[in-house]
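Subject: Handover of a structure

Dear colleague,

Please find the structure below, followed by an account of what was found in it. I would be grateful if you could read the two side by side.

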Amino acid sequence: MARSFSVRAQPGFTTVALICFFLLYLPIATLVVYAFNAGTSIAIWEGFSLRWFHQAWNNSQVIDASIRSVQIATAAAILATICATMAALATTRTRAYRGLTAKYAFINAPLMVPEIVTAVALLIVFSRVKIATGYSGLGYLILAHTAFCIPFAYLPIRARLEAMDLSLETAAADLYATRWQAFRRVTLPLLWPGILAGLMLAFVISLDDVVITEFVKSGGQDTLPTYMLGQLRRVVTPEMNAISTVFLAISILIVTVFFFISRKRDV
Amino acid sequence: MPSAAGCDDNQRSRQKERDVFSGVIVPEKPDRNAIEVRGVSKRFGIGENAFKALDNVSVTIRENEFFTLLGPSGCGKTTLLRLIAGFDFPTEGQIMLHGQDIAPLPPFKRPVNTVFQSYALFPHMTVGQNIGFGLEMLGKPKAEVKARVDQMLRLVRMEALKDRRTSQISGGQQQRVALARALAPSPKVLLLDEPLSALDYKLRKEMQSELKRLQTETGITFIFVTHDQEEALTMSDRIAVMSAGKILQVGAPWEIYDRPADRFVADFIGETNFLPGTLGAIENGRTTVTLSSGAMLPATLAEGYVPNGPATIVVRPEHARAIREGGDLRGQVENIVYFGTDTHIHVRLDDRNLFTVRQQNSRSRDCGFVVGDAVGVAIAPDGAQVLKD
Ligand SMILES: Nc1ncnc2c1ncn2[C@@H]1O[C@H](COP(=O)(O)OP(=O)(O)OP(=O)(O)O)[C@@H](O)[C@H]1O
Ligand SMILES: [Mg+2]
């Protein structure tokens, strides 16, 4: 392989790669560093301290928004993954037929439709429903998040299904497994890494959402991102950095845990 | 699972059958039919694009038989197996299992198991779990499953690897697990779709005798698919030769080889020389053919042959000899190929056709010819046949 073509051997590759790394990670690194600033500025270093983490921890609004974020993300990710698994099974475990491509497009539409359009549309529909039913709980946000999370959960699950040897399910049927048993004993265990990946992706996407949440939420339903957005309009203290840092740490943790699970599951 | 006594009976009846075979008399078969395929067609696609993968196929497979489907790639072998297993449905026709139409049965209700070409072992299960899967699905008690799995592991000589993942064993071992998994629920019929094609030559030879042993020991009807004619000839009780969705001939290996029904079968099984010629008077399925050289040969006619115009005469390489003087045909040695047990001499005949002669080797002399020698070809009496095109 040493003599074969490699992009790494192209002139300037290393330089470009380094610049990209800096552009990506320097701002994040700065953000993390200033979360530990002792002063009140996010630009002037005044020594090391954990005071902003403390402050965030004791800020009931932050805790409140975080809990809500996790609630919504958990519910939406689970619902979206269930829908996505069924959609992936329906679109891969069938012969190609006219209209299948349209179906793919339909499932993946939320990826293409500008988020702001979805947000406005949901705002209009949900406000009507709110008036009609009088219900104004977290349900709307969960529903909205589920909708835009489905394609993110769908993609890894479908990829996994398509890579799976169809003859395994045929073999299960041959060995007296009913359709349900074949699914439970063969398809599902082999699909599990894909489902976990979909679940995690959906969770992170939901956790991260601002636009749709901002439009759909009722009063007092701030999630962590919309809360932070609101705070940024006022005074910016390293508290934002501290919250972001914890957010980042949790994300990295999820990804790492997922990585190890999927590697162990991958036979 | 048949008892030991049942096995013996079975073996004895097969032995009898073989004795009769060696006398070249088609015997009365007392056996019952395992599978009956009646007028089955399978079309893929609809309208203009429809493709006939199977075209009015009828064949009967007897109980306890090692039956082989032999044919070139794409002739419909896998399609026929899939119809029998229930993974697909015939467009026309019926498939009977022990006299009963199995059309209404889904695959998981058919007492038929498959060894897949790709093995299709479950990668998330151990060897033991793979083998036990069928029995578990049938709802057998745990102890029984375990006992049967151990028995199957012994049968395929894999006891030591019970707890291995299927990704951690070799190709030949995977093949055995696939076999054990399919045999464990004691199916009435075992379907094997080119199970040996992924193995190297030596392992394939080993597995061939292993398969034969398993079939005799279990007494299960095997329907074996291959495109390897040698494999088909050495292993089968009977062979069906297929081409382009049709069954051309069904018969014992010797029948297929010595009495091919048509030109395709003769060409596909073993090596064959084709010569142009004219037929003389036909009497009792025999005739005299005149070759382009003017030589006259006695020849047998294939069953159902209707003479019309010039005919093709078929001669196997081992039914001809290369000689210095005379012979039925004359030509020049074009090439000599050494095969260990025998030597093939390719002769360019005077009419420009190529003719292959196979000569047994002996240690004391070489084949006696060199490239460029003038040579005569003597065809053995009874060596020539006239076949349908
Ligand atoms: N699902 C399908 N749709 C359309 N055509 C098909 C389908 N399955 C098989 N065929 C066609 O039917 C023919 C027979 O296929 P089949 O798989 O039975 O061949 P085969 O004899 O098993 O060949 P091989 O030795 O290569 O495995 C082929 O020409 C194939 O292209
Ligand atoms: Mg095939």
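**Chain A**

The secondary structure of chain A consists of 11 helices and 0 strands, where helices (H or I, at least four residues) and strands (E, at least two) are DSSP runs numbered from the N terminus. Read along the sequence, its pattern is α-α-α-α-α-α-α-α-α-α-α. The C-alpha trace of chain A spans about 70 × 70 × 30 Å along its principal axes.

**Conventions**

This is a predicted model, in which local features need pLDDT of at least 70 and side-chain atom pairs count only at pLDDT 80 or more, while totals for chains, interfaces and linings use all residues. Residues are numbered from 1 along each chain as its sequence is written, chains are lettered from A and ligands numbered from 1 in the order in which they are written, and side-chain values use heavy atoms, with hydrogens and water left out.

**The mixed sheet of chain B**

Chain B holds an open sheet of 6 strands in the order 6-7-8-3-9-10, with mixed pairing; two strands pair if DSSP finds at least two bridges between them. Its edge strands, each pairing on one side only, are strand 6 and strand 10 (246-251) of chain B. From one strand to the next, the twist averages 20 degrees; axes are lines fitted to C-alpha atoms, for helices over the stretch in contact, and angles run from 0 to 180 degrees between N-to-C directions.

Strand 6 of chain B pairs with strand 7 (residues 189-193) of chain B in the parallel sense over 4 bridges, and B:V112 has B:V189 in strand 7 as its bridge partner. Helix 6 of chain B packs on the sheet and touches strand 3, strand 7 and strand 8 of chain B, its direction making about 160 degrees with that of strand 8; contact means heavy atoms within 4.5 Å.

**The antiparallel sheet of chain B**

An open sheet of 5 strands in chain B has the order 15-19-16-17-18, with antiparallel pairing. Strand 15 (320-323) and strand 18 (354-360) of chain B are the edge strands. Here the twist averages 45 degrees from one strand to the next.

Strand 16 (residues 329-338) and strand 17 (residues 342-349) of chain B are joined by 7 bridges, with B:Y338 opposite B:T343. Strand 17 of chain B also runs antiparallel to strand 18 of chain B, over 7 bridges, and B:I345 stands opposite B:V357. In the hairpin of strands 17 and 18 of chain B, which has 4 residues between the strands, B:R352 takes a positive phi near 75 degrees.

**Where the chains meet**

The contact takes 27 residues from chain B and 19 residues from chain A. Between them the chains bury about 2000 Å², 67% of it on carbon and sulfur atoms; buried area is the accessible area (1.4 Å probe) that two parts lose on being put together, summed over both. B:F108, B:H124 and B:M137 supply 30% of the area that chain B buries against chain A, more than any other three residues.

How many salt bridges are there between chain B and chain A? The count is 1, a salt bridge being a side-chain nitrogen of Lys or Arg within 4 Å of a carboxyl oxygen of Asp or Glu. The side chains of B:E136 and A:R185 form it, at 2.8 Å from N to O. On the side of chain B that touches chain A, helix 3 (127-137) of chain B is among the elements that supply at least two residues, and its 4 residues are the largest share.

Yours sincerely
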